[in-house]
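Please read it with the model open.

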Amino acid sequence: MGKVLIVGGGAAGMMAAIAAAGNGHEVHVYEKNEKLGKKLFITGKGRCNLTNACDMDTLFSSVVSNPKFLYSAFCGFTNEQTMAYFESLGLRIKVERGNRVFPASDHSSDVIRVLEREMERLGVQIHLHSEVKAVLKEEHTFSSLLFENGKKAGGDACVIATGGLSYPSTGSTGDGYRFAEKLGHRVTETSPSLVPMEVREWYAKELQGLSLRNVTAAVYQGKKKLYEEFGEMLFTHYGVSGPIILSASSVVGKKLGTKKGQETELVLKVDLKPALTMEQLDQRILRDFEEQKNKQFKNALDKLFPAKLKPVMIELSGISPEKKVNEISREERHRFAALMKDFRMTLTGLRGFQEAIITRGGVSVKDVDPGTMESRHVKNLYFAGEVLDLDAVTGGFNLQIAWSTGYAAGNSIYTHGR
């Protein structure tokens, strides 16, 4: 059995530590923060959406970058196994809308606590406030870690699980990319992902704080549809956010880029009434107008929209707010229905890493063995989690990547170590 050094005490690092220690290795986890799982603590708005209870096909189709690379890792530690594993550690879980899996308590701290307890049981040694400056090799084999304080720690194997660049306040400052490059690995271009997006139109700011449920959002580049999803979205002072928007960013973000003035024109089209066809919606509006035929247009929309959305829809409709609804022409009514089915905004950019849930890009999967997570360039060096060029849409899929790759790395050391 060997001495395994793990850089990073997040989801992937903790899982790698448990897997390696379970195989009898002496395991040390080095975390630069004052506690483990700092980013895990804030995921899912502090509730921790720890995986998704979908079938395997959906699991793979929810991965945006390099899904084929994950075949072995996902099959080696599936989402079903993840749920069973956490339950075996004493964590009660529940499944919500969209097959999202959460701790029954709604506290992410409970997820971290059971992992810490298991590491303690297995004798994993945790070193907090321990910032790694460099990962060193001798010839083509991992040798030791160099810390910011000048000290060194030697070991038989190392797992780099440092995360990406998202939420830098949690310690995700791209250290792993730097280590990987110095050791001869390629790092693909990184950008924020699962991140809110900015829009050009004035009315986004007017709608700030408004949450829309049961709408369909689609992103188009010209006539080409790049993305479509049904669910919830939110307006902010700069644009749009919420689950379906964050997932859209992971698909269309690369086209938007983060540099102003260089973006491709992408249009967000929101169907405010996706359950109704145009004809059904027109009938619905007609019915509402019939009931309130003596009212002014501005006072006849209570059943159709939340209060905050009304002034914007009135403005965009081109219908005079004072006009009596029984005076509104058929053509005006049809235009109004079309506006509800195709409420448009121009996407102009992504928000920064401070607001991104995950990072797109990272250590190239071409430089990593998909079965073991071992480097193809440095023997006994492994990668796990967000540091790799792997990302998925929202719904617990990114944490599943962390669990599966962490498990694969930690478990492989048993058979592939020195």
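1. C48 is buried, because its relative accessible area is 0%, where buried means under 20% relative accessible area, exposed over 50% and partly exposed in between (1.4 Å probe, protein chains only). Although C48 is not a glycine, its phi is positive, at about 65 degrees. The residue lies in the loop between α2 (38-42) and β3 (51-52); helices (H or I, at least four residues) and strands (E, at least two) are DSSP runs, numbered from the N terminus.

2. On provenance, this is a predicted model, in which local features need pLDDT of at least 70 and side-chain atom pairs count only at pLDDT 80 or more, while totals for chains, interfaces and linings use all residues. Residues are numbered from 1 along each chain as its sequence is written, and side-chain values use heavy atoms, with hydrogens and water left out.

3. E139 also has a positive phi, of about 55 degrees, without being a glycine. This residue sits in the loop between β8 (132-138) and β9 (141-147). Its relative accessibility is 73%, so E139 counts as exposed. As background to both residues, most residues other than glycine have a negative phi.

4. Strand β1 (residues 3-7) is largely enclosed by the rest of the structure, because four of its five residues are buried. β1 pairs in the parallel sense with strand β2 (residues 26-30) over five bridges; two strands pair if DSSP finds at least two bridges between them. Within this pairing, K3 stands opposite E26 in β2. From β1 the chain passes through helix α1 (residues 11-22) to β2, a β-α-β crossover that is right-handed: with the strands pointing away from the viewer, the path from the first strand over the helix to the second runs clockwise.

5. β1 also pairs with strand β11 (residues 157-160), in the parallel sense and over four bridges. Here V4 stands opposite A157 in β11.

6. How far apart are the end C-alpha atoms of helix α9 (residues 243-256)? They are 18 Å apart, which agrees with the 20 Å that its 14 residues should span at 1.5 Å a residue; the expected span is 1.5 Å times one less than the number of residues.

7. α9 is mostly covered, with ten of its 14 residues buried.
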